Amino acid sequence: MPFMPVKFNLQKRVKLAQGLWMIYWLSVIVGILLFSLGIFFKIELRKRSEMMDNNESHLVPNLLILVGLLACGVNAFGGKVCHDSLDPIKFAKWKPMLKPFLLLCCGFNALLLLTALLCFLMQFAVYLTLAEGLKNSIKFYKDTDTPGRCFMKRTLDLTQIEFRCCGNNNFRDWFEVQWISNRYLDMSNDLVKDRVLSNVEGKYLMDSVPFSCCNPGSPRPCIQHHLTNNSAHYDYDHRIEELNIWTRGCREALFSYFSSMMTSIGVLIIATIILESVDMAGLKYLTTALETMEDPENPECESDGWLLEKGVKETFGDLLAKLKTLGKTNQVVEGGDAPEAAN
Amino acid sequence: MAVLRLKFTKNERDKLAQVLWILNWISVLTGILLFSLGLFLKVEINKRGELMAERDIQYVPNMLIAVGLIACAINFLGGKICYDCVDTNKFLRWKLIMLPYIICTFFFTFCVLVGALMCYSMRGELEESLNLGLTEAIRFYKDTDTPGRCFLKRTVDMLQMEFHCCGNNGYKDWFQIQWISNRYLDMSQKEVVDRLRSNVEGKYLMSGVPFSCCNLNSPRPCIQQHVTNNSAHFNYEHQTEALNLWMRGCREALLEYYTHIMQSIGLTVLLTWLFELSVLTGVRYLQTSLENVLRQGDLNSESDGWLLENSFMETARTNLNIIKCLGKGNQIDTANNGDPNINVPSTSKAHYGPDNVPLKEIPEAS
């Protein structure tokens, strides 16, 4: 009893072949889309790699690029098979390759499923990398003379301006770090000396933030220094002032950006899985319909198409039996050994 | 003596018609391209509308949009005509329209050329508009409580951060105006009152710039206040410090940006003009060769195609005469003092039927 049989006459077969050809080319375009999304994601990770300590994992974009290329290849081959399927001579060429091709498609779908899972799970890794990386970026903001960290200041300023955020969790992260290099501090000044001596690690700490934390939407000119000191500025209360500097932390801002990107890519991959399954089902129907034609010379005859030759349970039973026999051929048959040993 | 005469066999005529059909469709695409370039320019100008004073610069994108739409329509019609020209029966449908179509398209290509040249001429007006607009914007930077100017501060800050510029000509423009609103100045402090009294107009002027002028590439934290006072900061000399603030003026930055856009658009429009002209030449050859074939009678024979039937001078003379006669037809004949109702005896011989016997006069009833 075949699984989900459908009767096909010539018209239906032709329609199926044409429709399937178009769907396969649509899948090729989706494959190209996946490939370009992988490249885009890779470039974005590279752009912000300084914020992540150059430590970020490129597994997801690399996998996306691979999957995109595979999708293009597999679907282009499927399209070619469909195009040739109505011509019996050309189709005979492709017939022996079809079973391995369908198995390959199954494997490819499993790979797509894995990629989608990774898209959703790797977001945690991105979050942790960002937290660690931003902490270090803020620490090394002042080291514009250290080779390898010259551009940390520029990158962090650009990130804060672009993503409208300040600091790691919020702007108070800047209060805990010396972000003005000693090169620009007048050590002969008493005030400076007092401030440096006032904490254990000898850091010049102050309640100020860099200019890139400033919010352009604020109605008053930006207050960067003495942020927690209400009396230092006229008509200023730091507890209710929200528009002066960005209140969001950069970790949250960057994470929401990457997370939305990864979620949309994951959703697209799930849609691709569904599309590929439709492709596989269509191809199986087409090939079985062409194979079961009673009179191969007469194209007008009817034929049956199905998804599985036997029912689902029977097919699984057969598969398991096959796997068992595969395993058994590797084992040495015990009966045959003993007589040999006796000899 | 025809201008640029060429011989066309039947095959060549058919091929020419097919090629022209494809080229006309490509021209429709270039028409769409012109339209979208005009739209893009319009959007870009409107985006920074707050920073430009009232000047008539909208005519350039409007012209490009109009030209793009007309080009689409003309080339669509041209494609249809060329498609039908392969079949001589269908050509008869279009025979009368083709010559006016070619003349209209020829004058239209002049419009395309004018559009391209306008792109390059817009620069002067744009510079003046930006100059006035930016001066006003900097003056009203502090007026975040005045309706209609609430967002000018935000616009100017975003402009300076995006285009890496400061002030109109340079950062010193900020020293000449008060950019901190009086709402945030403590009038009870002596220093503030002194500063306000120190100039004629009572403005709070200082050698400081807004945060958006800060240069990202500077190795040291941004120095915004007391920019010209070397002793106010450690190890600082404002004459040699080039990385602290953006050195370029915003007018120059915006002008360069728009000039770059308009040069690219102008170049594209010029290329489109050349393409249109070549397609038009092909259509003219097709038209003249098909008309000659019809005149000869044998549809499969060779025929001549040309750009102008007589030489350039003769064609110009003939056309001028036609225009003069058209003019004369509208003029009143001055022989009868301008009165058309006077009966002028006919000078030609009358023809009185097959016997040529004049009519007898009918006797009057007594």
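Which hand does the crossing of H2(A) and H7(A) have? The crossing is left-handed, meaning the near helix is turned anticlockwise from the far one by less than a right angle. Helices here are DSSP runs of H or I with at least four residues, numbered from the N terminus.

This is a predicted model, where local features need pLDDT of at least 70, side-chain atom pairs count only at pLDDT 80 or more, and totals for chains, interfaces and linings use all residues. Residues are numbered from 1 along each chain, chains are lettered from A, and side-chain values use heavy atoms, leaving out hydrogens and water.

Back to the helix pair. The axes of H2(A), residues 59-84, and H7(A) come within 12 Å and cross at roughly 25°; axes are lines fitted to C-alpha atoms over the stretch in contact, with angles from 0 to 180 degrees between N-to-C directions. That makes the two helices roughly parallel, a label for angles under 35 degrees. In the contact (heavy atoms within 4.5 Å), A:Val60 and A:Leu64 are among the H2(A) residues, and A:Met262 and A:Ile265 are among those of H7(A).

H7(A) also turns up in the second largest pocket, giving the most to its lining with seven residues. That pocket has a volume of about 1,100 Å³, and A:Lys99 and A:Lys284 are among the lining residues nearest its centre. A pocket is an open set of 1 Å grid points where a 1.4 Å probe fits, with protein on both sides within 12 Å along at least five of seven lines; lining residues have an atom within 4 Å of a point.

| H2(A) with H7(A), contact | nine residues | one residue | two residues |

Methods. Grid points are joined across faces, edges and corners, and a volume is the space filled by probe spheres set on the points. Angles under 35 degrees count as roughly parallel, over 145 as roughly antiparallel, 65 to 115 as roughly perpendicular and the rest as oblique. Ala, Val, Leu, Ile, Met, Phe, Trp, Tyr, Cys and Pro count as nonpolar, Asp, Glu, Lys and Arg as charged, and the others, Gly among them, as polar.
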